[in-house]
Amino acid sequence: VIASARVELNTITYSAAISACQKGGQWDHALSLLVEIASFRVELDTNTYSAAISACEKGGQWDHALRLLVEMASARVELDTIAYNAAISV
């Protein structure tokens, strides 16, 4: 999706896009962007995961939010208050 827009593919652009999905209630699209990130070998960071977890939280998708929290820990990405709060408030 983002690749066709001719913007630089990096953690910042993906985090912004996932955050926009969260604000628009598009949790499924946010998760699709996470899959896309992996195909371009863009590193996921705390902000990217937190935005995706927040998108799942807004969509009531607790199972996806918790899966992302576990994935975040497995990838040794710093877990922050935003990620924890979003995951537990689903």
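# A guided tour from the loop at Arg-41

Select Arg-41 to begin; the residue sits in the loop between H2 and helix H3 (46-58). Helices (H or I, at least four residues) and strands (E, at least two) are DSSP runs, numbered from the N terminus. The model is predicted: local features need pLDDT of at least 70, side-chain atom pairs count only at pLDDT 80 or more, and totals for chains, interfaces and linings use all residues. Residues are numbered from 1 along each chain as its sequence is written, and side-chain values use heavy atoms, with hydrogens and water left out.

Stay with Arg-41 and inspect its backbone: phi is positive, about 55 degrees, although the residue is not a glycine. Most residues other than glycine have a negative phi. At 79% relative accessibility, Arg-41 counts as exposed (buried means under 20% relative accessible area, exposed over 50%, partly exposed in between, with a 1.4 Å probe and protein chains only).

Next, select Arg-76, in the loop between H4 and H5. Phi of Arg-76 is also positive, near 60 degrees, in a residue other than glycine. Arg-76 is exposed, with a relative accessible area of 78%.

**The whole chain**

From the N terminus on, its elements run α-α-α-α-α. The radius of gyration is 12 Å, close to the 12 Å that the globule rule gives for 90 residues, so the chain is as compact as a globular protein of that length. This radius is taken over C-alpha atoms, and the rule is 2.2 Å times the number of residues to the power 0.38. Along its principal axes the C-alpha trace spans about 35 × 30 × 15 Å. Buried residues make up 40% of the 90 residues.

**H4 against H5**

Select helix H4 (residues 62-74) together with helix H5 (residues 81-88): they pack at an angle of about 150 degrees, with their axes 9 Å apart. Axes are lines fitted to C-alpha atoms, for helices over the stretch in contact, and angles run from 0 to 180 degrees between N-to-C directions. H4 and H5 are therefore roughly antiparallel to each other (angles under 35 degrees count as roughly parallel, over 145 as roughly antiparallel, 65 to 115 as roughly perpendicular and the rest as oblique).

Now show the side chains of Ala-65, Leu-66, Leu-69 and Met-72 in H4 and of Ala-83, Tyr-84 and Ala-87 in H5, which make the contact (heavy atoms within 4.5 Å). By class, this contact of H4 with H5 has seven nonpolar, no polar and no charged residues. Ala, Val, Leu, Ile, Met, Phe, Trp, Tyr, Cys and Pro count as nonpolar, Asp, Glu, Lys and Arg as charged, and the others, Gly among them, as polar.

**H2 against H4**

The contact of H2 with H4 has four nonpolar, one polar and one charged residues by class.

**Glu-71**

Finish at Glu-71, which lies in helix H4. At 31% relative accessibility, Glu-71 counts as partly exposed. Not counting residues up to four places away in sequence, Glu-71 touches Leu-44 and Tyr-49. Glu-71 and Tyr-49 are 22 residues apart in sequence and 9.0 Å apart in space, C-alpha to C-alpha.
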